[in-house]
Amino acid sequence: MSGSVVLHVLDLAGIFVFGITGALVGVRKKLDVFGILVLALVTGLGGGFVRDVLIGATPPAALLDWWYLAVPVAAGLLTFFLHPGIGRLERLVNIFDAAGLALFCVTGALKAIEYDLSPLSAALIGTISGIGGGVIRDVLSGRVPVVLRSEIYATPAFLGAGIVVLAAALDYYALWVPIAAAVICFTIRLLAIRRGWNAPLPRTP
């Protein structure tokens with residue numbers, strides 16, 4: 001399987017799981033089907049839009065390939081009709097958000113590498129790609145974005161992107177590298193949620 005195909009598949013997978021998080025938040029906020037689809041679309045596509053604009057890959061991929069629009073719509077409709085009881089939604093949002101974060105930090109870094117960005121810039125683009133959709137989702141739904149709270153969120157995304165970038169800098173492009181990077185990001189994010197790991201807060205008098 002070629003690198004471009006892997007990137008495309010991972011990108012669509014990230015859009016799908018992020019689309020589910022947006023739709024789940026919409027269900028919890030008691031939005032109608034249109035509102036749920038809007039949140040699914042902006043959550044699934046937001047990070048990719050920001051990534052493509054920053055690296056000069058314009059028009060963004062979501063405007064060139066109909067799959068990029070169909071996948072988050074499908075995720076939104078699936079969630080709308082099949083969502084579980086309201087009491088379980090927060091846990092599901094966190095799980096799917098961690099999965100989307102992991103997939104997008106990897107695909108963002110891989111695409112930045114394709115556009116010959118420096119290793120640090122590619123890692124930052126991967127991080128921004130991972131957190132962008134969640135930030136837009138939270139702002140539109142009236143929540144404080146996760147990345148602005150004390151929770152460990154951007155750090156695992158930067159680590160996942162950094163692993164991909166480091167491997168590329170060493171001219172090592174094995175398929176298992178982005179998969180392992182995504183798994184590491186996903187695992188750290190879930191552990192942070194489960195164990196309450198937080199970034200340092202300023203001392204208050």
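The model is predicted, so local features need pLDDT of at least 70 and side-chain atom pairs count only at pLDDT 80 or more, while totals for chains, interfaces and linings use all residues. Residues are numbered from 1 along each chain as its sequence is written, and side-chain values use heavy atoms, with hydrogens and water left out.

**Aromatic pairs**

A search of the whole structure finds four aromatic pairs, where rings of Phe, Tyr and Trp (its six-membered ring) pair if their centres lie within 6.5 Å, and where planes under 30 degrees apart count as stacked, over 60 as edge-to-face and the rest as tilted. Select Trp66 and Trp67: because their planes meet at 25°, with the ring centres 4.6 Å apart, this pair is stacked. Next, select Phe80 and Phe81, whose pair is edge-to-face, with 5.0 Å from centre to centre and 85° between the planes.

Now show the surface, keeping in mind that buried means under 20% relative accessible area, exposed over 50%, and partly exposed in between (1.4 Å probe, protein chains only). Trp66 is exposed at 57%, whereas Trp67 is partly exposed at 43%. Phe80 is partly exposed at 30% relative accessibility, whereas Phe81 is exposed at 64%.

**Backbone in the loops**

Most residues other than glycine have a negative phi, and most peptide bonds are trans. Go to the loop between α2 (33-55) and α3 (67-82), where you will find Pro59; helices here are DSSP runs (H or I, at least four residues), and strands (E, at least two) are also such runs, numbered from the N terminus. The peptide bond from Thr58 to Pro59 is cis, with omega near -10°.

Then select Lys30 in the loop between α1 (3-28) and α2, which has a positive phi of about 60° although it is not a glycine, and which is exposed at 71% relative accessible area. Continue to Asp116, in the loop between α4 (89-114) and α5 (119-140); Asp116 also has a positive phi of about 60° without being a glycine, and it is exposed at 70%.

**Inside helix α5**

Finally, select Thr127, which lies in helix α5 and is buried, with a relative accessible area of 9%. What does the side chain of Thr127 reach at 2.9 Å? It reaches the backbone oxygen of Ala123. Leaving aside residues up to four places away in sequence, Thr127 touches Ala154, Ala157, Phe158 and Ala161, where contact means heavy atoms within 4.5 Å.

How values were computed: A polar contact is a pair of N or O atoms within 3.5 Å; within protein, one must be able to donate a hydrogen and the other to accept it, and residues adjacent in sequence count only if both atoms are side-chain atoms.
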